[in-house]
Amino acid sequence: MRTFLTIAGLAVALAGCATGPSRFPVQTTRFHFNAMTDRGTIAVEPLAGGGSASIEYKTYAAAVQSALLRLGYTNPAPGAKADFLATVGFTRTSRPLPPRRSPFSVGIGGGGISGGRGGGVGLGGGVNFPVGGSGGREGIVTELSVRIRHGADAVWEGQAQSLTDAQASDADAPAIAGRLARALFAGFPGESGRTIEVP
């Protein structure tokens, strides 16, 4: 019986160690009509109809602006009209995370477990059970959308979507906004019409 309890205890311990990913690859899609080699000044504004610029919106707008500046765009002088306009929108919703999967399973059966003094307990057949489970974890689905205009023409647009464990250390808005913006502008302008995953 002591052997059985040891196996059961091991199963509980492994269940505690089984963890799922705290975040998943960012899915990104971009569309454009040319190589987007021209650079100039660029302003960042909320997407039309997106309401007023909330504090959370400003977090995503700042992440987009930082990414654009790294690409060689510059901020317009105060009061000057920018060469390009980037409109930014985002959404955040909750959804259950996929079940956690564990590489461990514990098998019991096929023989006898001996007690003291010749006594024994027979376990016929076999029992296999996986270690770990979904645990009812909640995730955050976040989508970032950006459209770049040059005058009246839209010259580039893209969107990036991520799923993050709500309990993860990097589930706060600044971390997610930065990650989405980096993925969205990776390899700018990107292959038009193709959806890619960025780790």
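**Notes on two helices and two loops**

1. Let's start in a loop: P189 sits between α3 and β8. Keep in mind that this is a predicted model. The bond joining F188 to P189 is a cis peptide, with omega at about 5°. For context, most peptide bonds are trans, and most residues other than glycine have a negative phi.

2. The phi of M36 is positive, near 55°, and M36 is not a glycine. Is M36 buried or exposed? M36 is buried: its relative accessible area is 6%, and the cut-off for buried is under 20%.

3. Now for helix α2, which covers residues 55-70. Its 16 residues should span 22 Å at 1.5 Å a residue, and the C-alpha atoms at its ends are 23 Å apart, so the two figures agree.

4. Which residues of α2 are buried? They are Y57, Y60, A61, A63, V64, A67 and L68. Looking down the axis of α2, you'd see these buried residues within an arc of 155°, so they line one face of the helix. On the face turned away from that buried side are the exposed residues I55, K58 and R70.

5. What do the buried residues of α2 pack against? Their partners are the strands β2 (42-46), β3 (84-96) and β6 (138-150), along with helix α3 (173-184).

6. Helix α3 has 12 residues, and its first and last C-alpha atoms are 16 Å apart, close to the expected 16 Å. It's mostly covered, with 9 of the 12 residues buried. Those are A173, I176, A177, G178, R179, L180, A181, A183 and L184. The buried residues of α3 pack against helix α2 and the strands β1 (26-32), β3, β6, β7 (153-165) and β8 (195-198).

7. Finally, have a look at how the two helices meet. The axes of α2 and α3 are 9 Å apart, and the helices pack at an angle of about 35°. The crossing of α2 past α3 is right-handed. On the α2 side, the contact is made by E56, T59, Y60, A63, V64, A67 and R70; α3 brings A173, P174, I176, A177, G178, L180, A181 and R182. Sorted by class, this contact has 10 nonpolar, 2 polar and 3 charged residues.

Technical notes
Residues numbered from 1 in each chain as written. Predicted model: local features only at pLDDT ≥ 70, side-chain atom pairs only at ≥ 80, totals over all residues. Heavy atoms only, no water. Helix = DSSP H or I, 4+ residues; strand = E, 2+ residues; numbered from the N terminus. Expected span 1.5 Å × (residues − 1). Buried < 20%, exposed > 50% of the residue type's maximum accessible area, 1.4 Å probe, protein only. Arc of directions from axis to C-beta. Contact = heavy atoms within 4.5 Å. Axes fitted to C-alpha atoms, helices over the stretch in contact; angles between N-to-C directions. Left-handed = near helix turned anticlockwise from the far one by under 90°. Nonpolar A, V, L, I, M, F, W, Y, C, P; charged D, E, K, R; others polar.
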